[in-house]
Amino acid sequence: MKTTVFSTHKFEEPYLVKANNDKHQLKLLESRLTKETAILATGSEAVSLFTGDDASAHIVEKLSAIGVKYIALRSAGFNHVDLEKVAEMNMKVARVPAYSPYAIAEHTLALILALNRKIIRAHNRVREQNFSLNGLTGFDLNGKTVGVIGTGKIGAVLVKILHGLGCKILAQDVAEDKNLIDLYDVIYTNCTTICKQADIISLHVPLIPSTQHLIDKEHIALMKEGVMLINTSRGGLVDTKAVIEGLKSGKIGYFGIDVYEEEEGLFFEDHSEDILQDDVIARLMTFPNVLITSHQAFLTETALTNIAETTIYNLDCFDKAVLSGNEISVN
């Protein structure tokens, strides 16, 4: 099957090539899918998209017009795809529902520890031969209350890790996981209670209309003074401007993110020679208690292998007109 792969990054290319094993004709492009670049998929039956690609309605129409029938996502999330338009165009879309929940959960812990123990600041000091410990005091995670919002595959792994560190865990999800209750003493409650009681809050829910700006100024106002807020899920879960106000007031004592609501066109690209145009993230970068990584939580060898293999498997199923089990319902 002729497939145009948009947003191909150097870190994933060898994994895609190996998983494909010359089965499909892959046209690997560094370009993001936009209204201007959609035409590059001409001649392909399928496209493969990453998280920063734009598959909004008018672009889906363009893809359909040039003969594209299938969309193979290299991600679990699909909020960048207009599913109604996909259905209208009689196209099919499949995703990678689980590539490595451990990768995301472990990166979440890395952000927590790095913020708490001031690892970045300490490292920079030592490189300048400043071995002072002033201003580097952290806290024991043991005994702290952590709120995990979303206990799917990733949230469940994080719960296991946090339990091993001796944390008390509050959780919120539309469906309670009895195993987490039985094995890790998880207490399910609501978002309001988590905001009031948790020392650390970590987000692990999908971005859908009901979770857009889940963390807003009202929820922030309920939080403990100096709370740690972590987001490795989707940038739109957090009202970033409200978080900035929380950081300025001291309500939010630590903020760690691997995702950002306006990351499209910013993350995954080298802008070191450019003038940063995004004033919001520029402001975030001025805070010493903010740690930002550019959507790299998934970036492990295991995850990249699983993403590539599942993507090729989805293309195989499209080609053979059989169900992969990874299709996204567009009805």
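This is a predicted model: local features need pLDDT of at least 70, side-chain atom pairs count only at pLDDT 80 or more; totals for chains, interfaces and linings use all residues.

Now widen the selection to the two strands, E10 (227–231) and E11 (252–257). They run parallel, and 5 bridges join them. To get from E10 to E11, follow the chain through helix H10, residues 240–249; this β-α-β crossover is right-handed.

Stay on E11 for a moment. Is it mostly covered or uncovered? Mostly covered: 6 of its 6 residues are buried.

Next, pick Phe255 and look across to its bridge partner, Val290 in E12. E11 and E12 pair in the parallel sense, over 3 bridges.

Time to zoom out. Which strands make up the whole sheet, and in what order? There are 7, arranged E8-E7-E6-E9-E10-E11-E12, in an open sheet with parallel pairing. At the edges sit E8 (187–188) and E12 (290–292), each pairing on one side only.

Move over to E6 (residues 145–149) and E9 (residues 200–203): these parallel strands are joined by 4 bridges. Select Ile149 and you'll find Leu203 of E9 standing opposite.

For the last stop, show helix H4, residues 101–116, which packs on the sheet. H4 touches E9, E10, E11 and E12, and its direction makes about 145° with that of E10.

Note on methods:
Residues are numbered from 1 along each chain as its sequence is written. Side-chain values use heavy atoms; hydrogens and water are left out. Two strands pair if DSSP finds at least two bridges between them. Contact means heavy atoms within 4.5 Å. Axes are lines fitted to C-alpha atoms, for helices over the stretch in contact, and angles run from 0 to 180 degrees between N-to-C directions. Buried means under 20% relative accessible area, exposed over 50%, partly exposed in between (1.4 Å probe, protein chains only). A crossover is right-handed if, with the strands pointing away from the viewer, the path from the first strand over the helix to the second runs clockwise.
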